[in-house]
Amino acid sequence: METNYGKTELCIDRSELNRCLLCHDTPCAKACPKQYPIDRILRSAYFLNTASSHSLAVTTDCAGCKAPCESACVLAKRYTPIPIRQLVNDIRKLDIADDVTDENVQPDLGMDICGVKLENPFLLSSSVVASTYDMCARAFEAGWAGAAFKTICSFPQHEASPRFSTISGNSNHFYGFKNIEQLSDHTLEENLDIFCRLKHDFPNKVIIASIMGKNEEEWEMLARKCQSAGADVIECNFSCPNMEANDLGITIGQSPEMVEKFTRAVRRGTTIPVLAKLTPNVSDMVPMALAAKRGGADGIAAINTINSITGVDIFSFTAQPDVHGKSMVGGYSGAAVKPIALRFISDLGHSEGLKGMHISGMGGVETWRDAVEFISLGAGSIQITTAVMQYGYRIIDDLIAGLKCYLRQTKVGSVRQIIGAAVKSVVGHDQMERDTILFPKFDLDKCIGCGRCYISCLDGGHQAIEFDVTTRKPKLIGSKCVGCHLCRLVCSANAIGTADKRISKKQ
């Protein structure tokens, strides 16, 4: 049994867990004769919050139960239901150290944006998920620390329909999400009224006003009015890829001169912190960030969405989403963009010229682990949209609980202590150690004999694995192995680890 909290989910059959639809008003939990929180157990495990899932599961005893929860599973109407009883039992048996879930130890999740206090690192990013009073109020009540309200402006919006498309996997999970949506469709006065109401009703929550103007005067005016209405932070949208005019959004974010000019205009209009939200549709974001700093920005928000085409209907030959037989390049988000987002956060974190500036990180965050990765590369707050669009505001429960368990496990008292902890681990090409090999190590007791490692090494690697079809066991050919670890990455049984030490290539 795995004892490391970070690996315990490998003991769960995630292929079955990932089929869970995370239903609303869950029939499985309602059907449980003992009223166990089945839905919460499965949802926590789904979002890699294994410790909290285990804490709930240890109180269960499904022995002798006929599993009416499985009969009630909505998948049973058409498919094989989730094996809920087995999954809960597997989670209950996990070996989780008591100190990981000790509620008497409460790590400090507090952050701040340039002095504006956050009760935890998690914010809604500027999008449809933060576009009305009621939506933000429900998010705040659920536990989100604040919200970057959907970008406000003084010019009308002209939306297309439909305006979303996806690349999906298990249970229609969005790996990639494309939108061609524009800005807030409320009037400026309506949005300012929302800010006033939110600040009155939720004084401890952080309101970030995302703004976009057509000229310097408008940028300055919007900043001034948003501060007067109760905004705590201004976020300059220099990165929306879906604007009809050529001098808005992404066009600004690709020009250091325009970034500096409009940031300076915003700075003239407000005394509260200013973030520049930058586009990843550039080869290097640092010059744009430095331009924002010169203009008076206190921090950077990154990344916004990536220019994309998610797919083409191969029968109508129309790119997606199909709007009367036409489409357009739009903004790509979701889990698929996380590696790109982390790269830009790392670049910002490495820049000496940006030292001390706040980084609000976003781009593919779904779980507490994603958040820790962003924070360790320099982000001081985390913004999320696509995961909320899929799963709802309720994911904040596992973001907070999972982060707390992680901090307990690592004996870290405050999340602030891990900001930038991984920055130094990312180095230039010429600084990589290239003189040793770390060999893979096969655990034949765990091996299930699928042969995937052999196939991948044979056709995509260095032909360094033999496979005995009688015993169905792989064997490493050390003289051919270059230590690329492709075999380890394709192993679904977690049966390939690493050797205890590196070997010099000269040996």
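**Exercise 1. A positive phi**

Solution. The model is a predicted one, in which local features need pLDDT of at least 70 and side-chain atom pairs count only at pLDDT 80 or more, while totals for chains, interfaces and linings use all residues. Residues are numbered from 1 along each chain as its sequence is written, and side-chain values use heavy atoms, with hydrogens and water left out. Helices (H or I, at least four residues) and strands (E, at least two) are DSSP runs, numbered from the N terminus.

Step 1: Most residues other than glycine have a negative phi.

**Exercise 2. A covered helix**

Decide how many of the eight residues of helix α4 (residues 50-57) are buried, and follow one of them, Ser53, to its contacts.

Solution. Step 1: six of the eight residues are buried, and the helix is mostly covered; the buried ones are Thr50, Ala51, Ser52, Ser53, His54 and Ala57.

Step 1: these buried residues pack against α3 (38-46), α6 (84-92) and α16 (396-409).

Step 2: Ser53 has a relative accessible area of 0%, so this residue is buried. Leaving aside residues up to four places away in sequence, Ser53 touches Ile41, Ser44, Ala45 and Ile91, where contact means heavy atoms within 4.5 Å.

Step 3: α3 is mostly covered as well, with seven of its nine residues buried, among them Ile41, Ser44 and Ala45. After α3 comes Leu48, whose phi is positive, near 65°.

**Exercise 3. Two helices side by side**

Describe how helix α7 (residues 133-142) packs with helix α8 (residues 188-201), and name the residues that meet.

Solution. Step 1: the two helices pack at an angle of about 25°, with their axes 10 Å apart. This angle makes α7 roughly parallel to α8, because angles under 35 degrees count as roughly parallel, over 145 as roughly antiparallel, 65 to 115 as roughly perpendicular and the rest as oblique. Axes are lines fitted to C-alpha atoms, for helices over the stretch in contact, and angles run from 0 to 180 degrees between N-to-C directions.

Step 1: Tyr133, Cys136, Ala137 and Phe140 of α7 meet Ile194, Arg197, Leu198 and Asp201 of α8. An α-helix has 3.6 residues a turn, so residues three or four places apart point the same way.

**Exercise 4. The nonpolar cores**

Find which residues touch the most other members of the largest nonpolar core, and list what Trp144 touches.

Solution. Step 1: a nonpolar core is a set of buried Ala, Val, Leu, Ile, Met, Phe, Trp, Tyr and Cys residues joined through side-chain atoms within 4.5 Å. Of the 134 residues in the largest core, Phe122, Trp144, Ile211, Trp219 and Ile384 touch the most other members, and the largest share, six residues, comes from α16.

Step 1: not counting residues up to four places away in sequence, Trp144 touches several residues, including Phe122, Leu123, Ala139, Ile384, Val388 and Leu399.

Step 2: a second, separate core has ten residues, among them Ile437, Phe442, Cys457 and Ala464.

Note on methods
Buried < 20%, exposed > 50% of the residue type's maximum accessible area, 1.4 Å probe, protein only.
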